[in-house]
Amino acid sequence: MINTNTTIKEFTILGFPGLDPTYYGPVSSLLFFTYLVILVGNIFILVFVGVERQLYKPTYLIFCHLAMNDLLFGTVTLPKMISRYWWDDKIISFDACFTQMYFVHSLGAIHSLILLIMALDRFIAICFPLKYPVLITNNIISLACGLSWIGTFLRMMAVVLHALTLPYCNSNIIVQCYCDHISITNLASGGNVKYVQTVAVVLAMFSLLVPLSFIFFSYISIFVVVLKITNMEGRYKTLSTCTPQLLISCLYYLPRCFVYIANTVGFSFSLDVRILLILLYSLLPCAVNPIIYCLKTKDMKDILMKRLLNVKVGIK
């Protein structure tokens with residue numbers, strides 16, 4: 001329920017505070033290109049896996065859920081960012097801002113859970129290969145991913161409703177490129193602001209650190225199993241099956257951990273650099289993940305090469 005003391009009807013997206021208006025054009029073009037890469041790459045993955053029956057496997061089903069998540073995250077955040085610098089459209093309505101915040105944090109938490117499922121898939125495949133066909137099936141993966149989406153959307157609804165109990169009646173300037181919980185609640189007044197922010201941070205840390213702990217444990221276990229393989233070719237072949245998942249997980253978690261550790265040890269960033277880092281670790285995985293799927297996953301790479309060769313032969 002919205003607090004009756006709230007008087008703000010819209011927010012202003014500040015973006016990069018120190019950016020000279022001269023660079024608005026290049027920045028909006030770069031953001032538009034990034035969005036185009038995210039759209040094309042992730043839609044390609046969804047269509048490609050959908051039409052290739054050879055890829056109807058749990059691993060590629062997980063890739064599809066991650067591609068859908070990346071596609072939605074880019075669509076939720078980038079169009080407003082682009083219009084901010086392309087048309088100087090800084091205004092976002094109160095309801096639209098809270099809706100964007102809801103999806104930003106929901107999709108971030110879902111991404112983390114899908115990475116956990118991805119690590120579980122590789123952990124069982126390598127550490128318990130005989131049980132893999134029983135424990136990891138398309139139906140089980142669909143159920144696990146589906147529960148991740150539904151459970152997170154329900155949980156984040158509570159976080160947004162909690163933030164809406166605060167009164168917003170002073171500044172309406174959001175010092176960020178999109179609406180997020182900290183940026184919005186920093187504009188609220190009243191004695192409950194810190195409490196609302198603390199609850200949200202605890203839930204965010206839970207969503208981030210619990211999956212990260214299992215992912216770390218699973219890949220350590222995988223490396224131990226791989227080291228026990230005496231044949232070097234067998235080691236390489238086994239390790240290569242989890243290379244895409246490992247790269248994707250590192251791309252998502254390492255920048256976040258870097259920012260968190262830097263803040264913990266007292267290393268401060270300028271406001272513009274901080275916003276840039278947040279954009280990089282939020283949007284870079286969305287754009288790069290499809291490339292990792294295609295170049296580092298044997299089945300997808302083989303099918304792509306086969307299709308390209310067929311096209312070349314057909315042209316000749």
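Is Cys-145 buried or exposed? Hello everyone, and thanks for coming. What we have here is a predicted model, in which local features need pLDDT of at least 70 and side-chain atom pairs count only at pLDDT 80 or more, while totals for chains, interfaces and linings use all residues. Residues are numbered from 1 along each chain as its sequence is written, and side-chain values use heavy atoms, with hydrogens and water left out.

Back to the opening question. Cys-145 has 0% relative accessibility, so it counts as buried; buried means under 20% relative accessible area, exposed means over 50%, and partly exposed is in between, using a 1.4 Å probe and protein chains only. For comparison, a disulfide here is a pair of cysteine sulfur atoms within 2.5 Å.

Now to the bonded pair. A search of the whole structure turns up 1 disulfide, and it joins Cys-97 to Cys-179, with an S to S distance of 2.0 Å. Cys-97 sits in helix 3 (residues 94-127) and Cys-179 in the loop between strand 3 (173-174) and helix 6 (181-185), so the pair ties together parts that are 82 residues apart in sequence. A word on those labels: helices (H or I, at least four residues) and strands (E, at least two) are DSSP runs, numbered from the N terminus. The torsion about the S-S bond of Cys-97 and Cys-179 is about -110 degrees, so this disulfide is left-handed. Cys-97 is buried at 0% relative accessibility, and Cys-179 is buried with a relative accessible area of 0%. Cys-250, on the other hand, is partly exposed, at 34%.

Helix 2 (residues 58-86) and helix 5 (residues 138-164) have axes that come within 9 Å and cross at roughly 25 degrees. Axes are lines fitted to C-alpha atoms, for helices over the stretch in contact, and angles run from 0 to 180 degrees between N-to-C directions. That makes helix 2 roughly parallel to helix 5; angles under 35 degrees count as roughly parallel, over 145 as roughly antiparallel, 65 to 115 as roughly perpendicular and the rest as oblique. The crossing of these two helices is right-handed, meaning the near helix is turned clockwise from the far one by less than a right angle. Helix 5 brings Asn-138, Ile-141, Ser-142, Cys-145 and Trp-149 to the contact, while helix 2 brings residues including His-65 and Leu-72. Contact means heavy atoms within 4.5 Å.

Helix 7 (residues 193-227) packs with helix 8 (residues 232-240) at an angle of about 160 degrees, their axes 9 Å apart. Helix 7 is therefore roughly antiparallel to helix 8. Phe-223, Val-226 and Leu-227 of helix 7 meet Arg-235, Thr-238 and Leu-239 of helix 8.

Finally, two glutamines. Gln-197, in helix 7, is buried at 8% relative accessible area. Leaving aside neighbours within four places in sequence, Gln-197 touches His-181, Ile-182, Thr-185 and Asn-186. Gln-245 lies in helix 9 (residues 243-264) and is buried too, at 1%. With the neighbours within four places in sequence set aside, the contacts of Gln-245 include Asp-121, Arg-122 and Tyr-219.
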